[in-house]
Amino acid sequence: MISATLPTAEAARAARLRVPHSFSREPKPSRGEHPGCGRSHGFAPQIARFAHFAVAGGVAQKALRRRCRRRNKSLKYFEGFPHTLDYGLYFFGPDGACQKYVAGQANPYCLEHRKTLIYVHGWEADRIEHSFRETFHWSSNEPRFGLDLDLAPPWLDRNWNVGIFYWDQFSDEPWLPDAEAKIWNAQGPRSMRYRVASGDFQASSVRGSASELLAAQLLSLPEGMELRLAGHSLGSPLVIAAAEEMLKRRPEAFGIRRIALLDPYWSRQMPLLNPQDYLPLKTTAEESLERAQKLADRQVLFEIYYSCPVLTQLPLLADDSPAQHLLSSQLAVMVCYDASFAELDLEAQHLLAPCLYLHSMRFAAGPVPSARSSTAQLR
């Protein structure tokens with residue numbers, strides 16, 4: 001186990017975000033299988049908040065409303081969002097400029113023969129009616145402790161394309177397991193319904209699951225691109241499922257080299273409450289691990305970055321066994337961010353992992369794994 005400090009920025013405000021890390025390549029014992037987590041009845045939004053973002057005093061919810069009211073510069077670029085369904089891949093330039101990716105059409109922010117990062121967000125409960133969308137702007141994503149900083153330029157300066165796959169209108173569900181189901185099966189408990197600005201849900205004609213939609217987008221990218229996927233929270237099982245779907249559909253065009261799991265989350269299966277019966281004979285964690293092992297067989301390197309273990313590793317709420325098995329099998333490297341500066345603000349801690357991972361491209365690679373580390377260094 002090695003401890004180090006990741007620099008973040010030059011201002012005094014950044015000083016409180018100088019976050020110690022630890023990482024290990026040593027095997028860790030698996031935590032095994034546990035049942036758990038579930039669907040609420042009656043007061044679903046309130047119970048879901050408590051179960052998955054259990055922050056005392058409602059501090060997180062007040063901050064969330066402040067965050068959602070802070071419109072970011074990129075909203076004008078999104079096609080129809082949030083009034084009509086808009087999902088898929090957007091590529092970004094500096095200062096929040098972005099353009100939706102359409103196969104065969106020129107996109108100034110998606111250039112052939114460049115390495116490409118695709119970031120995938122997680123659960124987005126109650127975001128859509130506030131016209132909120134994650135971008136690469138740190139304090140727009142997390143205003144309580146985040147820096148006023150665009151996280152895309154360090155990647156762009158090193159000749160990377162950077163994109164975000166949006167499935168937020170699908171993942172805006174009051175109850176997290178309903179959003180999780182859409183990763184795996186378009187005919188789950190809520191099908192592929194989506195939310196619009198009014199807060200209402202609309203029936204969708206989309207027939208593919210979120211992972212199938214992402215896989216199709218990845219396969220439509222210019223041939224020969226070297227891809228790196230980064231998924232936050234529920235975005236982690238989504239990128240694993242989509243990458244394996246991509247491998248299955250077109251193994252000869254498989255260009256994924258690394259997958260970063262940023263505070264990854266799998267809900268815990270529980271009979272009646274969260275049966276996960278849209279997956280035959282498996283839990284979401286088991287399905288993810290099986291697919292991740294197939295990807296590892298193709299020399300995909302996994303990176304795991306934790307920032308809020310209370311949410312992502314607590315047996316009552318989460319099933320962290322896929323990450324633990326990858327670590328114990330020496331198929332992944334791990335970094336633990338110390339987010340104690342956020343005290344009881346668990347949502348802020350949870351959002352730290354993607355922000356610091358993206359930010360780490362700004363600094364030279366060192367002994368601690370980071371976005372800037374080469375694949376050879378991490379192996």
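Which side chain makes a polar contact with the side chain of serine 211? That of serine 209, at 3.1 Å. A polar contact here is a pair of N or O atoms within 3.5 Å; within protein, one must be able to donate a hydrogen and the other to accept it, and residues adjacent in sequence count only if both atoms are side-chain atoms.

Some ground rules. This is a predicted model: local features need pLDDT of at least 70, side-chain atom pairs count only at pLDDT 80 or more, and totals for chains, interfaces and linings use all residues. Residues are numbered from 1 along each chain as its sequence is written, and side-chain values use heavy atoms, with hydrogens and water left out.

Back to serine 211. It sits in helix H8, residues 210–219. Helices (H or I, at least four residues) and strands (E, at least two) are DSSP runs, numbered from the N terminus. Serine 211 counts as buried because its relative accessibility is 4%. The cut-offs: buried is under 20% relative accessible area, exposed is over 50%, partly exposed is in between, with a 1.4 Å probe and protein chains only. Beyond its neighbours within four places in sequence, serine 211 is in contact with Ile183, Leu238, Ala241 and Ala242. Contact means heavy atoms within 4.5 Å.

Next, glutamate 286. It belongs to helix H10, residues 284–297. Serine 321 is 35 residues away along the chain, yet the two C-alpha atoms are separated by 8.1 Å.

Serine 321 takes us to helix H12, residues 321–328. Is H12 enclosed or open? Largely enclosed by the rest of the structure, because 6 of its 8 residues are buried. Those are Ser321, Pro322, Ala323, Gln324, Leu326 and Leu327. Just after H12, glutamine 330 takes a positive phi of about 60 degrees.

A cavity is a set of points, on a 1 Å grid over the protein atoms alone, where a 1.4 Å probe fits but cannot get out; lining residues have an atom within 4 Å of a point. Among the lining residues are Tyr119, Glu134 and Cys355.

How values were computed. 1 Å grid on protein atoms, 1.4 Å probe; cavity = no way out; pocket = protein on both sides within 12 Å on 5 of 7 lines; lining within 4 Å.
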